[in-house]
Amino acid sequence: MPTRTRLALPVACYVVLLVAALQTLVVPVVANIRADLGVSTSAASWVVTANLLAAAVLTPMLGRLGDLYGRRPVMLGVLTVVLLGSVLAATTSSLPLLLAGRIAQAASFGLFPLAIGMLREELPPHRLTGAMALVSGMLSVGAGFGLVVTGLLMRHGGDYHQLFWLATVMTAIGLAGAWLLPHRPGAATGTLDWTGAALLGLGLVLLLLPLEEGNGWGWGSARVIGLLAAAVVVLTAFVLFERRVTHPLVSTRMLSHRPIVVANAAGLFFGFSMFAVFLAVSTLVQTPPAVAGYGFGATVLAASLVYLLPGTASGVLTAPLGGRLVARFGAKATLVIGAALAGTGFAMLAVLHSAAWQVILGALVVNTAVTFGYAALPALLIAHVEPAETGIANSVNSIARSVGMSLGTAFVVTMMTRNPVPGPLPLPREAQFVTVFAVGAALAVITAAAVGRLLPRAPRPRLTAPEMEADEALL
């Protein structure tokens, strides 16, 4: 195998880890940014919100550009934009310029579909399933890495600009790796559907903005309801428009084909699960027991290193295991296993959260479930789309996961801020954590049932000896 081809898997793993790390590095330091820049909490929160909204607009366009013009040049362009955005964010003390840097960093979300498309081009079929699973697992590992590094760098009240300098170095490494990849021509024909991209981007912004801001605006407010209604109108217009275009951004079949619809619904759930467990567990363990009657009074650093790191770091092992499950039993069975595991983990947390080991174990089980789910989704998608649609199919699934993350964040924040315990600190009641975990368990049951009933029954894969050896090599 040529050297450049051998680099495909490690480079793909690294850039996807970078995607997730850039997403979570900033989340714990929004308060630090607010204090340093002297802006309101609402204004500072746009450091996270603007990144997510820009990603919703850019991801499908970048996935389609990779299908049209080849993954390597688009990946190099994305990493260059992210590098410039990281330098800008690291050197500014202006909120508008910081937001511009975060918007540039949002281009990184396009690296996941580009990486999956590159693997499909470079690797033989018997290695593809395990490789995609390993790369998908880096989403969970990278998210945990971002949280842990932030805790370490900020443990003594450090300067949040360090995080953006770290992002700059990490992006430069990714750019050097992508430069060494082989160049392949684009698999798709036609041009970029700019009108469709504009409609999809606008619809996603109208959908995600109220999900991000609903807790501050009020879920029953005219702004939230109006934006959600507008999102329905614009996304409906997008679907109608795509049916009439010769080279649509998203084919009609991709919008209506049952396996792809189920894959996107599953992505929504696993995105919800990852952020719901991150936020709920972090808040739970930092709650002072002397005041609330529950919790462990952990620091931000302890919450990251002791309670969340085991679950996220285990992705290095569970991602290849997820790939082997997909290879042996198929994507459908692996998705059901992942949803069932998530339900088990959430149920454990709902019932058992009075000891540290119980919380660590529950979070570990949910994170393992998310890793299995992420391992199965790309395999399910590429089994039902043509090579020319690989990038855009994975882009749409990435958006589904992002919407799920927004829903998980919004749900946990809403539950944590309503009906607080009386006292000097507005702490949530223990029952509110139980509700979060119980809802997660219920959604897991619904997801497992939907995947089991709605996905077509696929023949059980039969591994040859070389395929089994290739899977073994991933561990």
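**View 1. Ser395 and its contacts in a predicted model.** In this predicted model, Ser395 touches Thr59, Pro60, Gly63 and Pro113, with residues up to four places away in sequence not counted. Ser395 has its place in helix 20. Its relative accessible area is 0%, so Ser395 is buried.

**View 2. Helix 19 against helix 20.** The two helices cross at roughly 145°. Their axes come within 10 Å. The crossing of helix 19 past helix 20 is right-handed. Helix 19 covers residues 356-382. From helix 19, the contact takes in Tyr374, Leu377, Pro378, Leu381 and Ile382. From helix 20 come Thr390, Ala393, Asn394, Asn397, Arg401 and Met405. Sorted by class, the residues of this contact are seven nonpolar, three polar and one charged.

**View 3. Helix 11 beside helix 20.** Helix 11 spans residues 194-217, and helix 20 spans residues 390-417. Their axes come within 7 Å and cross at roughly 20°. That angle is under 35 degrees, so helix 11 is roughly parallel to helix 20. Helix 11 passes helix 20 with a left-handed crossing. Which residues of helix 11 meet helix 20? They are Leu204, Leu207, Leu208, Leu211, Glu212 and Asn215. On the side of helix 20, the partners are Ile399, Val403, Ser406, Leu407, Ala410, Val413, Thr414 and Thr417. The contact of helix 11 with helix 20 has nine nonpolar residues, four polar and one charged.

**View 4. A closer look at Ala410.** Ala410 is a residue of helix 20. Is Ala410 buried or exposed? Ala410 counts as buried, because its relative accessibility is 8%. Neighbours within four places in sequence aside, Ala410 is in contact with Leu211 and Trp219. Leu211 belongs to helix 11, and is among the residues that meet helix 20. Phe272 can also be located from here: its C-alpha atom is 9.7 Å from that of Ala410. Along the chain, Ala410 and Phe272 are 138 residues apart.

**View 5. The aromatic pair of Tyr294 and Phe433.** The model has six aromatic pairs. One of them joins Tyr294 and Phe433. The ring centres of Tyr294 and Phe433 are 5.6 Å apart. The planes stand at 65° to each other, and the pair is edge-to-face. Where do the two residues lie? Tyr294 is in the loop between helix 15 (289-292) and helix 16 (300-313). Phe433 is in helix 21, residues 430-454. The pair therefore ties together parts that are 139 residues apart in sequence. Tyr294 and Phe433 are both buried.

**View 6. Helix 6 packed with helix 7.** Helix 6 runs over residues 71-91, and helix 7 over residues 95-105. They pack at an angle of about 155°. Their axes are 7 Å apart. An angle over 145 degrees counts as roughly antiparallel, so helix 6 is roughly antiparallel to helix 7. The crossing of helix 6 past helix 7 is left-handed. Helix 6 contributes Val81, Val82, Gly85, Ser86, Leu88 and Ala89 to the contact. Helix 7 contributes Leu97, Leu98, Ala100, Gly101, Ala104 and Gln105. By class, the contact of helix 6 with helix 7 has eight nonpolar residues, four polar and no charged.

**View 7. Leu97 in helix 7.** Leu97 has its place in helix 7. Its relative accessible area is 42%, so Leu97 is partly exposed. Which residues does Leu97 contact, leaving aside its neighbours within four places in sequence? They are Leu88 and Thr92. Phe433, from the aromatic pair with Tyr294, is 37 Å from Leu97, C-alpha to C-alpha. In sequence, Leu97 and Phe433 are 336 residues apart.

**View 8. Leu321 in helix 17.** Leu321 lies in helix 17, residues 315-329. How does Leu321 count at 39% relative accessibility? Leu321 counts as partly exposed. Val27 and Leu321 are 294 residues apart in sequence. In space, they are 29 Å apart, C-alpha to C-alpha.

Methods:
Residues are numbered from 1 along each chain as its sequence is written. This is a predicted model: local features need pLDDT of at least 70, side-chain atom pairs count only at pLDDT 80 or more; totals for chains, interfaces and linings use all residues. Side-chain values use heavy atoms; hydrogens and water are left out. Axes are lines fitted to C-alpha atoms, for helices over the stretch in contact, and angles run from 0 to 180 degrees between N-to-C directions. Helices (H or I, at least four residues) and strands (E, at least two) are DSSP runs, numbered from the N terminus. Angles under 35 degrees count as roughly parallel, over 145 as roughly antiparallel, 65 to 115 as roughly perpendicular and the rest as oblique. A crossing is left-handed if the near helix is turned anticlockwise from the far one by less than a right angle, and right-handed if clockwise. Contact means heavy atoms within 4.5 Å. Ala, Val, Leu, Ile, Met, Phe, Trp, Tyr, Cys and Pro count as nonpolar, Asp, Glu, Lys and Arg as charged, and the others, Gly among them, as polar. Rings of Phe, Tyr and Trp (its six-membered ring) pair if their centres lie within 6.5 Å; planes under 30 degrees apart count as stacked, over 60 as edge-to-face and the rest as tilted. Buried means under 20% relative accessible area, exposed over 50%, partly exposed in between (1.4 Å probe, protein chains only).
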